[in-house]
Amino acid sequence: MAAPVQRDQELELTVDSLAYGGNGVARLDGFVVFVRSGLPGDTVRARVTKVQRRHAEAIATEVIAAGPQRVDAPCAHYPACGGCRFQDLAYDAQLAAKHQWVADSLQRLAGLSDPPLEPIVPAASQFGYRNKMEYSFTTNDGGPTLGLHRAGRWDEVLEIEKCWLTSDVGNAIRNRVREWAREERLAAYDQETHDGYLRHLVVREGRNTGQALVQLVTARGERFDRERLIEVLTEFPEVKSIHWSVNRGAAEVTNLPTDLLWGEDAIEEEIGGLRLRVRPNAFLQTNTEMAERLYAIARDLAALQGGETVYDLYCGIGTIGLSMAASALTVWGIEISEESVACAIENQELNSVGNAAFFAGNVGEVLAELRDRAGDPDVVVVDPPRAGLAGKALRRLGEIGAPRVVYVSCNPTTLASDVKRLSDDYGYRLVHAQPVDMFPHTPHVECAALLLRDAP
């Protein structure tokens with residue numbers, strides 16, 4: 001049966017709910033249409049952008065009648081900027097949608113008809129919560145400028161004057177670097193032609209220490225005056241570390257080797273009583289306030305009594321493992337990023353933690369070796385990337401058969417898929433799942449889950 005709509009067709013639709021990822025869900029005689037920029041309760045005029053056999057995609061071009069959950073977005077760049085998706089959706093409705101996405105994933109993908117899901121933990125701050133921002137350079141009538149990608153566009157950057165997700169200091173640093181780029185007459189890199197020089201600016205902040213790290217990413221060659229850039233950035237007393245990276249490829253990346261131009265090679269952050277050193281490429285949760293809350297939940301789920309061996313897989317800079325060390329016998333961390341592991345070892349020493357060790361390696365490749373060295377774990381903590389546990393890592397985890405697994409997830413669909421595999425193939429059962437909102441106004445949701453494996 002052919003789809004009842006065609007590409008570029010204009011439709012009037014009423015949005016019923018939000019799908020995972022943030023598109024509105026509308027129905028036309030039972031046929032599902034996913035509507036970008038449509039919110040629950042809205043009646044919109046929408047243009048169809050893609051048609052498939054079972055559904056279509058559209059973008060709202062006009063809100064004919066606003067739904068009860070639609071609010072005014074405070075940001076002057078919304079909705080053109082792709083940094084936020086839901087500034088015009090009431091916060092309680094954002095929380096309800098995220099909680100439902102986790103529930104739907106566990107029901108649909110993990111096969112749990114009644115998942116053990118707790119109410120979502122709301123964010124402590126709805127704005128100004130990010131401790132790391134990555135900006136792209138572009139060119140406008142005034143010369144080089146800085147901003148974020150337009151919603152849905154990889155090739156177009158929107159100049160940003162004030163971002164509501166970062167701090168006043170973060171906004172001021174970005175705007176001052178824009179002025180510097182214009183003073184120095186440096187050209188922004190063009191992603192289509194590959195001409196130009198300035199590519200990205202990364203600003204990391206220690207929100208509880210008042211320290212900032214700045215990383216400039218350019219194309220090849222040193223076309224700027226180092227001393228002038230240092231002079232400009234040290235106008236901000238918060239700036240303690242200035243780095244420069246060269247991106248020689250076409251990909252838009254900032255995770256690159258750095259040249260320290262000035263100051264310390266790392267800044268410090270404080271979370272849950274731990275002092276943490278953070279280098280340019282080290283992983284740290286980007287919401288400091290809620291990272292402390294998330295780690296506390298993970299510790300509660302671990303239920304340590306003081307005699308346990310803990311594996312901390314995908315350990316980053318050691319934050320979760322170090323927060324558990326005082327309640328465990330030993331903590332062993334694995335992380336593929338050597339820079340993050342270097343930070344984890346420094347953080348262990350900085351906090352005088354004597355019962356933890358951290359190693360660089362691919363989790364799936366080195367887990368068996370760790371088991372030979374450390375013995376069987378009583379508790380395994382995993383905090384994988386959005387793709388979830390890689391196949392080999394999941395198999396190794398299942399084969400080890402730790403009685404208690406604490407799974408910290410940033411993607412409910414891969415969490416649910418991994419829960420099903422661990423249940424079906426290795427005898428684990430999900431007993432607790434706690435969603436946490438780390439990123440207001442975006443579709444992202446974290447979840448701390450506990451899986452238990454009964455003794456054979």
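Eight bridges join β9 to β10, and these two strands run antiparallel. (Strands here are DSSP runs of E with at least two residues, helices are runs of H or I with at least four, and both are numbered from the N terminus; two strands pair if DSSP finds at least two bridges between them.) Before going on, note that this is a predicted model, where local features need pLDDT of at least 70, side-chain atom pairs count only at pLDDT 80 or more, and totals for chains, interfaces and linings use all residues. Residues are numbered from 1 along each chain as its sequence is written, and side-chain values use heavy atoms, with hydrogens and water left out.

Back to our pair of strands. Glu205 stands opposite Ala212 in β10. The hairpin of β9 and β10 has four residues between the strands, and in it Gly210 takes a positive phi near 75°. With β11, strand β10 pairs through seven bridges, running parallel, and Val214 sits opposite Ile242 in β11.

Seven strands make an open sheet with mixed pairing, in the order β8-β7-β6-β9-β10-β11-β12. Its edges are β8 (157–159) and β12 (259–263), each pairing on one side only. From one strand to the next, the twist averages 30°. Over at the β8 end, β7 (residues 143–149) pairs with β8 in the antiparallel sense over three bridges, and Gly147 stands opposite Glu159 in β8.

Two helices lie across these strands. Helix α2 (residues 168–183) lies across β6, β7, β8, β9, β10 and β11, running at about 145° to β7. Helix α3 (residues 226–233) lies across β10, β11 and β12, at about 50° to β12. (Axes are lines fitted to C-alpha atoms, for helices over the stretch in contact, and angles run from 0 to 180 degrees between N-to-C directions.)

How do the two helices meet? α2 and α3 pack at an angle of about 150°, with their axes 10 Å apart. That makes α2 roughly antiparallel to α3. (Angles under 35 degrees count as roughly parallel, over 145 as roughly antiparallel, 65 to 115 as roughly perpendicular and the rest as oblique.) The contact, meaning heavy atoms within 4.5 Å, is made by Ile173, Arg176, Val177, Trp180 and Glu183 of α2 and Arg228, Leu229, Val232 and Leu233 of α3.

Further along the chain, there's another helix pair to look at. The axes of α8 (residues 391–400) and α9 (residues 412–426) come within 10 Å and cross at roughly 45°, so these two helices are oblique to each other. On the α8 side the contact is made by Leu394, Arg395, Leu397, Gly398 and Glu399, and on the α9 side by Asp418, Arg421, Leu422 and Tyr426.

Last stop: Gln285, in the loop between β14 (274–278) and α4 (288–302). Gln285 counts as buried because its relative accessibility is 4%. Leaving aside neighbours within four places in sequence, Gln285 is in contact with Asn131, Ala291, Leu294, Tyr295, Asp383, Met438, Phe439 and Glu446.

Note on methods: Buried < 20%, exposed > 50% of the residue type's maximum accessible area, 1.4 Å probe, protein only.
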